[in-house]
Each structure stands twice: as C-alpha cells, then as structure tokens.
Amino acid sequence: MNTIRQFHDVINDSDGYARRLKNDSGKKILGYFCSYTPEEIIHAAGIHPLRLFGTRSAIAHADAHLQAYSCSLVRGVLEEALAGRLEFLDGAVFPHTCDSIQRLSDIWRLNLKFSFHSDVVLPVKLDTSSARQYMGDVLRKFKRELEMDLGLSITDAQLSKSIKTFNTIKRALGKIYRLRSANPGLIAGADVYALVKSAMIMDRADAAEKLTAVADQLEKTKAAGADSGKRIVLSGGLCDHADIYSIIEKSGGAVVWDDLCTGSRYFEGLVSEGGDPIEALADRFTERVVCPAKHSSITARGDGIVGIAKEHRASGVIFLLLKFCDPHSFDYPYMKEMLDREGVPSMLMEIEQDLPSEGQLSTRFEAFIEMLR
C-alpha cells in the first residue's frame with residue numbers, strides 16, 4: 001500500500017520532516033518525551049508537538065552530563081540537542097514521569113537555549129480523592145504558561161477542535177490494531193510501528209486523514225490468510241525498532257497487540273468531545289491505561305497485561321524493557337507472576353537504542369516462540 005510507504009518515509013527522516021514542516025507552515029515546534037504530554041493543548045495553540053526519540057549517533061556530548069547508566073532514550077535525545085541537531089525546536093515539554101526525564105529537564109534548562117521550557121508535573125497517584133482536581137489544575141497551568149510565554153491565546157473552541165483531531169488519530173490507530181489482531185497477516189508489524197510512530201511526528205490533521213484512509217482500506221481488504229504465527233503481545237516502554245517486529249515474524253511469531261508507550265498506551269482512551277475541554281483532558285489522563293510511572297491500583301498494571309493477553313488470545317508475551325528503565329524494571333516481576341498464574345508464557349528482552357545483532361535476537365525469539373502452544 002503506497003500510503004504506508006509515506007509513513008515509513010516520515011519516520012526514516014523525522015528531523016527532515018520537522019524542518020520542512022516548519023519552513024512550509026511557519027509553525028513553532030515543541031519537542032516532548034512521553035505519552036502523558038498534553039499534545040492537544042500544544043496543538044490548539046497552533047504549535048506542532050513533536051515526540052523526540054533517541055539517536056543512532058554515537059554519544060559524544062551527553063556523557064558529560066549524564067551517567068552511563070541513564071537510559072538510552074534520555075542520553076540519546078540530550079546528545080541530539082547538544083550536538084545542535086534539534087535546532088528546529090522552539091522548546092520542549094517535560095511531563096513528570098521518571099527521575100531520568102526530570103534530570104534531563106534540569107540539564108536541558110541549564111545547557112540549552114530553546115525559548116520555551118515547561119515541566120508538567122502530573123499526579124503520580126491517580127486513585128486519591130484530590131488527584132483528579134490536581135490533574136485539571138496542572139493542565140490549566142500548562143495552558144497559561146504556553147499563552148504567557150509565547151504571547152498567544154488558546155480558546156475552548158480551538159482546544160475542542162484539536163481534541164477531535166487527536167481522537168480521529170486514536171480511533172484510526174485503534175481500528176488498525178483491532179484489524180491486525182483479528183487477522184495478523186493483514187499488515188506487517190513494521191508497518192504498524194511506522195503508523196504509530198508517524199502519528200507522533202506528522203502534522204496531526206494530515207496524520208488523522210491518512211491514518212483514517214489506511215484503516216478504511218485495511219477494513220476493505222480481504223483476509224490475508226490464516227494467522228501467520230504464534231500470537232505475541234509486546235509489553236514495555238518505548239520500542240523504537242521496526243526490526244524487532246520483522247525478526248519476531250521471521251521467528252514464527254505475529255505481534256497482535258502491545259502494551260507500549262509507543263503503542264496502545266498512546267492511543268487508547270478517547271477524550272470527551274463535549275463540555276469543558278480541559279476537564280475532558282484531565283478525565284482522560286486520569287482514567288487512561290497507566291504506565292508504571294503512575295499508580296491507579298496495586299494490580300492495575302498486572303490486570304492490564306493479563307486482560308490484553310486474554311482478549312487477544314496471546315500465545316505469549318515478550319517484555320521489551322529499555323535498559324536502566326527503573327519504573328518498568330520494578331513492574332516486571334509482579335507482571336510476570338500474574339501472567340504465570342494465568343498460564344501465559346513470557347520472556348524478557350532488554351533493549352537499548354542499538355539492538356544486538358539479528359542473529360542474537362532471532363535465537364532468543366525462536367527459542368521462546370517454539371515453546372509456545
């Protein structure tokens with residue numbers, strides 16, 4: 001499908017895409033690091049929100065500021081900024097997720113000269129009586145910061161329009177995921193990866209239109225055959241490797257769903273399109289599928305992965321954990337225990353920005369997939 005090729009082109013040169021977007025539209029661009037970023041507010045201000053990933057370049061500058069045991073995402077993005085390769089940014093937004101992101105915010109503020117900088121300190125415990133009120137207050141504060149620092153105004157009408165655009169993207173991605181789960185041979189895992197990642201990079205109106213077209217086209221496509229392999233669910237934080245999907249497929253697996261920050265956690269949970277838009281965003285952030293940096297109940301994360309495995313008839317779960325990611329590492333043992341209790345096999349793979357050789361990955365994946373029923 002030629003349309004999907006366009007998404008691969010975007011992710012293969014995301015910086016080039018951002019520069020062209022800025023030159024052509026004149027829009028300011030704000031970088032962000034986490035799916036808890038209130039993109040709708042940034043977009044409603046007429047600013048382009050751009051998710052920042054790591055780097056494939058050698059780390060030469062970031063090690064002067066961060067320990068070697070910081071995750072490759074944090075080190076990689078700092079490297080890109082210090083090397084001057086993110087010169088097209090007008091600022092960055094740092095949601096409070098993990099300690100590494102917070103330290104990155106401090107280093108960024110002290111060593112880089114982008115015009116806008118904001119820490120969005122969302123509540124960690126989401127099951128308290130005050131959490132929902134606090135969530136709304138934080139979002140309103142962020143909106144005021146944008147308006148004051150950039151000299152603009154964000155109306156409720158603009159915010160509601162942005163919410164609808166982002167909901168269109170989320171609906172399309174959810175539809176594509178459900179179609180793939182029903183028929184994993186319909187679309188390659190690497191293509192789905194390109195669609196999701198592009199949604200965090202592209203002009204959002206363009207992304208909404210193109211993703212909807214892809215979802216509708218896939219829906220019309222005749223079944224591509226029986227399940228193409230053992231049904232696999234991926235779980236973890238950020239997965240920025242198209243090769244992972246291809247290697248799993250070559251090893252006899254088929255990724256049918258995920259619990260990734262760069263996957264279903266990004267698009268699940270629509271924002272209400274009626275009422276006060278800030279209140280609607282606060283509801284979504286409070287009620288969405290949690291990541292391990294947030295807390296909604298003692299078993300929320302485990303219940304979530306077990307529910308995904310059952311709903312999508314997973315033969316097994318592969319945990320892809322970014323090396324040195326403390327929140328996910330702390331979560332892993334009890335999530336594995338809950339899967340074990342339900343008879344769902346799982347394996348753990350630690351990854352960094354640079355993957356091991358394909359041979360090493362194939363050996364690990366093949367050994368796991370061959371044991372699945």
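Which residues of α15 are buried? In this predicted model, where residues are numbered from 1 along each chain as its sequence is written, local features need a pLDDT of at least 70, side-chain atom pairs count only at pLDDT 80 or more, and totals for chains, interfaces and linings use all residues. Side-chain values rest on heavy atoms, with hydrogens and water left out.

The answer for α15 is Leu361, Ser362, Phe365, Phe368 and Ile369. Here, buried means under 20% relative accessible area, exposed means over 50%, and partly exposed is in between (1.4 Å probe, protein chains only). Looking down the axis of α15, these buried residues fall within an arc of 140°, so they line one face of the helix. The arc is taken from the directions that run from the helix axis to the C-beta atoms. On the face of α15 turned away from its buried side sit the exposed residues Gln360, Thr363 and Glu370.

As for its length, α15 covers residues 358-370, and its 13 residues reach 17 Å from the first C-alpha to the last, close to the 18 Å expected at 1.5 Å a residue. That expected span is 1.5 Å times one less than the number of residues. Helices (H or I, at least four residues) and strands (E, at least two) are DSSP runs, numbered from the N terminus. The buried residues of α15 pack against β5 (230-236), α10 (242-250), β6 (253-259), β7 (316-322) and β8 (346-351), with contact meaning heavy atoms within 4.5 Å.

Next comes α10, where Ile244, Tyr245, Ile247 and Ile248 are buried. They cover an arc of only 165° around the axis, which puts them on the same side of α10. Packed against these buried residues are α8, β5, β6, β7, β8 and α15. Just after α10, Gly252 takes a positive phi of about 100°.

A cavity is a set of points, on a 1 Å grid over the protein atoms alone, where a 1.4 Å probe fits but cannot get out, and lining residues have an atom within 4 Å of a point. Grid points are joined across faces, edges and corners, and a volume is the space filled by probe spheres set on the points.

The largest cavity has a volume of about 70 Å³, and its lining includes Phe53, Tyr177, Tyr245 and Asp258. Helix α8 (residues 189-199) gives the most to this lining, with four residues. The second largest cavity holds about 50 Å³ of space, and among its lining residues are Ser35, Glu39, Lys170 and Arg284.

Key:
On a 1 Å grid over the protein atoms alone, a cavity is a set of points where a 1.4 Å probe fits but cannot get out, and a pocket is an open set with protein on both sides within 12 Å along at least five of seven lines; lining residues have an atom within 4 Å of a point.
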